[in-house]
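Dear colleague,

Please find below the structure that I am handing over to you.

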Amino acid sequence: MNVKPVVTEYLKAPSSLARDALLEIASKHRVQGSTGLIESIEYLREILEGLGYSIKIIDVPSGSSKGLVDSPLSWDVMEGELDIKIGDRVLESFRLTEHPTLVSAHSPPSEGCGRISVCSTLDCKGGEVVLTNLPAYIAYKVIDARLILVYDSNRYPKAVPYTGLFLSPSEVVEKSVMSIPYETALRIMSLLLQNPAAEITVCWKVKSKFYTRPLKALVACNSEDPKTLFISHICHPKPGAHDNASGSVANLLAAFNASHSGYKLETCHAWVPEYTGTVYLSDHIPTPAIVVNLDMVGSKQHETDSTLNIVMSPSFLEHIADALAYLSAKIVFDTSSSFGGFTLPGLRYGLSPYTAGSDHDVTISWGWSSVMFNEWPSKYYHTDMDEVYTISVKSLVKTAATATLTSYIYEKTGDVSRLEEIFASHLKTWYRIEAVKTGYDPGDLEIVSKYWGTLRNPRGIPSMVPGRVLMKMVGYDKYLKIRNVRGATTYLMTYLPLAVFNNIRARDVQSLFQAENLLKWSKIEEDLVNDVAQVVLELLGV
């Protein structure tokens, strides 16, 4: 299988297209249902029509649901101002024009001034302005305040974090949610700790508006029988360069490769509001053989501290897409050389067990063979500092070439079954090495070998179970506990219901998931997960 000429051709995708598209998309405030998202969709539509693709614009009804996935009201933010004062002295000032993530996505409008108090529990007494580290939506629901200020200790401390409410029509009330850097939150809490009587006041203004207009998604196909579906979520507050202007641009470059190189392919390409648009794709395209999800790729890894994760499907599903993606990554990215001339990775990449959190969750829940390219961790993830300068156009072109090569090998070489066998053999050794590295008992991996790739044509579950649904099913307190159990949300959202729906015993599924992820839940964690799992299975009728 000589694909070197193919790689050479795909690496010729125009850097100017990548650079222009990255700058254009990152300049838009692309929150779900926003004007900026619609403008970005229209920008891509014009390019793709010029490339000869057949275009569909999907209207995603706002404030509605498909399966268990709810779409929020459409929303735009026009102004955001925040001044934090002690006495007459201004401690910090923030403006939306400088910090596009300042106003929580889908926050209602309001303005005023008030004294700040701090609360990080579910039984907050409220006040005029409350500072909290609770998730934004939970804080909005449980705290009685005119303004809720949210900080996140897991985000880059100097940056304003991205938070979101994604409200249904019945949830809109007269209070606003804004975000501040962890560094600023620590300063406020330190001042109040030193002097509890200190009057720290906040003046704010949020000007935003809700609409009932539909959210938009874009599908571009060059065939009525596509072999590969490429997905990228295009929604995100400005700038959102890594998350996910980068994946959106890589998808565009893959579309260019598939239609305008000497090695043309039968493909569809989708740009969606995350989850809310993806759940509609099955109504608009035939079932593809493989799915490639591009979510956060092509960064300057020394800037973002990221590694490219090739995120596999659950172990019990077929691994055609995973095998193809891994081989393609080795072909494209192994460009460095050892002293003896052996090729080595020129970019950090590696395999990762299935992890939920992007659009591949939806296609996996349908039983489609799916893989995700995703760089993680990302230093400025979900903050206003996720800027264009952190992205490498060269890496975007290479990642797009890798994604397109994944499709090419499937469609053109005829070596897929043999490759999947080789990949399965490689994974058995890979898992044993990882077990030795991490101190995990290699004997516990036997269940992974037992179930690896056993479901060839799985039935799709009625719906994946988003985190918001888990939250409403089990209550805020239990949800906050479950989200702190490593892997639990992945297990509950798709992994467990899909496995059980396809007749794998629930007891085996839990052991399989833990072995696949080289983790051990404590007895307390297992009891908590099992309690929530029962609710999930009953909800889905599995």
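Helix H10 is mostly covered, with 16 of its 20 residues buried (under 20% relative accessible area; exposed is over 50% and partly exposed in between, with a 1.4 Å probe and protein chains only). This is a predicted model, in which local features need pLDDT of at least 70 and side-chain atom pairs count only at pLDDT 80 or more, while totals for chains, interfaces and linings use all residues. Residues are numbered from 1 along each chain as its sequence is written, and side-chain values use heavy atoms, leaving out hydrogens and water.

H10 covers residues 393–412; helices (H or I, at least four residues) and strands (E, at least two) are DSSP runs, numbered from the N terminus. Just after H10, Gly-414 takes a positive phi of about 75°.

A search of the whole structure finds 3 disulfides, a disulfide being a pair of cysteine sulfur atoms within 2.5 Å.

- Cys-113 and Cys-203 form a disulfide, with sulfur atoms 2.1 Å apart. Cys-113 belongs to strand S6 and Cys-203 to strand S10, 90 residues apart.
- Cys-119 is joined to Cys-124, S to S 1.9 Å. This link of Cys-119 and Cys-124 is left-handed, with -100° about the S-S bond.
- Cys-221 is joined to Cys-268, S to S 1.9 Å. The torsion about their S-S bond is about 110°, so this disulfide is right-handed. Both Cys-221 and Cys-268 are buried.

Cys-235 is in no disulfide, and the nearest cysteine sulfur, that of Cys-221, is 20 Å away. Cys-235 is buried, at 7% relative accessible area.

Notes: Expected span 1.5 Å × (residues − 1).
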